[in-house]
Amino acid sequence: MTSLTLADILAARKRIAGIATLDTPLPPSPCLSAIAGDDVLLKLEIGQATGAFKLRGAANAVLSLPESTKGVTCCSTGNHGRAVAYAARARGFRAVICMSSLVPEAKLAGIRALGAEARIIGKSQDEAQVESRRLAEEEGFHEISPFDDLHVIAGQGTIGPELLEQRPDLETVLIPLSGGGLAGGIAFALKTIKPSIRVVGITMEHGAAMHASLAAGKPVAVTEMASLADSLGGGIGLENRHSFALCRDFLDEVILVSEEEIYRAMQMHYHEDRLVCEGASAVGAAALLSGRLGRHPGPTATLITGRNVDMQVFTDIVSGRAVQLGDTTLKGHIHAA
């Protein structure tokens with residue numbers, strides 16, 4: 001069992017207050033509320049300075065390092081790298097962010113704009129991870145895992161107490177699921193404070209490493225696939241120390257959603273909630289719109305995790321045009337109010 005404690009999460013909340021935005025808004029979604037028959041609230045992490053929740057965990061990790069740190073590195077699908085770059089700049093540390101060629105150009109540009117080096121390695125996060133580890137082992141950088149680091153997990157977990165302070169009556173929380181740092185940290189905090197709450201991890205149908213690992217009972221490797229929810233791609237590490245156990249022990253279930261369902265959820269958030277959000281941010285809405293959530297959820301919060309989307313792809317989606325995902329073409333669909 002991981003050694004994470006609620007005290008770690010509360011300490012992280014104090015530590016990151018100068019860099020990350022705390023108490024991000026939790027407005028209702030009238031459209032989703034009408035569908036669910038109860039309040040559905042949107043936790044707007046898109047308000048972070050780097051455009052995504054990842055700043056919480058990265059800030060907590062970077063702020064915990066000594067002044068003598070030579071530099072920081074990480075493997076990232078984009079948002080974690082951007083957050084590490086932002087936090088490293090605040091501390092005056094050099095940052096090298098390792099990513100695969102699947103990462104959208106918009107996310108590369110955002111990282112470079114923060115003064116970090118974006119190093120493209122291979123066609124998968126596993127290949128990029130090898131370079132990040134090499135920098136740590138051979139050049140003395142401090143490697144910050146995007147999900148399997150207790151400081152990162154505690155930082156992401158700060159969202160949990162916020163949710164219950166903002167809406168103590170919450171019965172269900174929907175969390176985008178990738179490497180498990182966000183879902184594991186929040187689920188741990190929520191279940192520690194309110195054991196009766198239902199916590200659901202949601203991810204895409206293809207290439208979902210944590211879902212496959214939970215089904216296998218141990219961390220396993222998966223083949224990465226192009227997805228509208230590109231932020232949810234990547235493996236969890238075969239030697240995973242923390243996030244797998246947290247997701248296994250504190251998530252009530254995991255729901256898979258299709259690319260078509262993510263497409264329509266992104267449209268809905270734009271046309272009905274006036275939000276620009278990534279595919280990963282829309283998986284909670286996709287589960288609700290598709291009926292995959294199952295039983296009546298009660299007051300529900302879904303995390304809008306990031307806004308760092310390729311704007312050309314986003315424009316095509318909200319305009320109802322077809323979108324190319326690798327070798328697959330998603331047919332266009334016009335949103336009906």
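Buried here means under 20% relative accessible area, exposed means over 50%, and partly exposed is in between, with a 1.4 Å probe and protein chains only. Helices (H or I, at least four residues) and strands (E, at least two) are DSSP runs, numbered from the N terminus.

This is a predicted model, in which local features need pLDDT of at least 70 and side-chain atom pairs count only at pLDDT 80 or more, while totals for chains, interfaces and linings use all residues. Residues are numbered from 1 along each chain as its sequence is written, and side-chain values use heavy atoms, with hydrogens and water left out.

I'll start with helix 13. Helix 13 covers residues 283-290, and six of its eight residues are buried. Those six are Val283, Gly284, Ala285, Ala286, Ala287 and Leu288. Just after the helix comes glycine 291, with a positive phi of about 80°.

What touches this helix? Leucine 174 belongs to strand 6, residues 172-176, and is buried at 1% relative accessible area.

Next, the strands. Strand 3 (residues 94-99) and strand 4 (residues 117-120) run parallel and are joined by four bridges; pairing requires that DSSP finds at least two bridges between two strands. With helix 5, residues 105-113, they make a right-handed β-α-β unit. Right-handed means that, with the strands pointing away from the viewer, the path from the first strand over the helix to the second runs clockwise.

Cysteine 98 stands opposite arginine 119 in strand 4. Cysteine 98 is buried, at 0% relative accessible area. How many disulfides are there in the whole structure? The search finds zero, taking a disulfide as a pair of cysteine sulfur atoms within 2.5 Å. For cysteine 98, the nearest cysteine sulfur is that of cysteine 75, 7.1 Å away. Cysteine 74 has its closest cysteine sulfur in cysteine 98, at 7.3 Å, which is too far for a bond. Cysteine 74 is also buried, at 0%.

Now the aromatic pairs, of which the structure holds two. Rings of Phe, Tyr and Trp (its six-membered ring) pair if their centres lie within 6.5 Å; planes under 30 degrees apart are stacked, over 60 edge-to-face, and the rest tilted. Phenylalanine 188 and phenylalanine 250 are edge-to-face, with 5.3 Å centre to centre and 85° between the planes. Phenylalanine 188 sits in helix 9 (residues 181-193) and phenylalanine 250 in helix 11 (residues 243-250), so this pair ties together parts 62 residues apart in sequence. Phenylalanine 188 is buried at 8%, and phenylalanine 250 at 17%.

Tyrosine 270 and phenylalanine 314 are likewise edge-to-face, 5.6 Å centre to centre with 85° between the planes. Tyrosine 270 is partly exposed, at 33%, whereas phenylalanine 314 is buried, at 2%.

Last, back to helix 11, which holds serine 243. Serine 243 is buried at 0% relative accessible area. A polar atom of its side chain lies 2.8 Å from the backbone oxygen of glycine 179. Among the other residues that serine 243 touches are Phe147, Asp148 and Met210.

Terms used. Polar contact = N/O pair within 3.5 Å; in protein donor to acceptor, adjacent residues only side chain to side chain. Contact = heavy atoms within 4.5 Å. Lists of a residue's contacts leave out its neighbours within four places in sequence.
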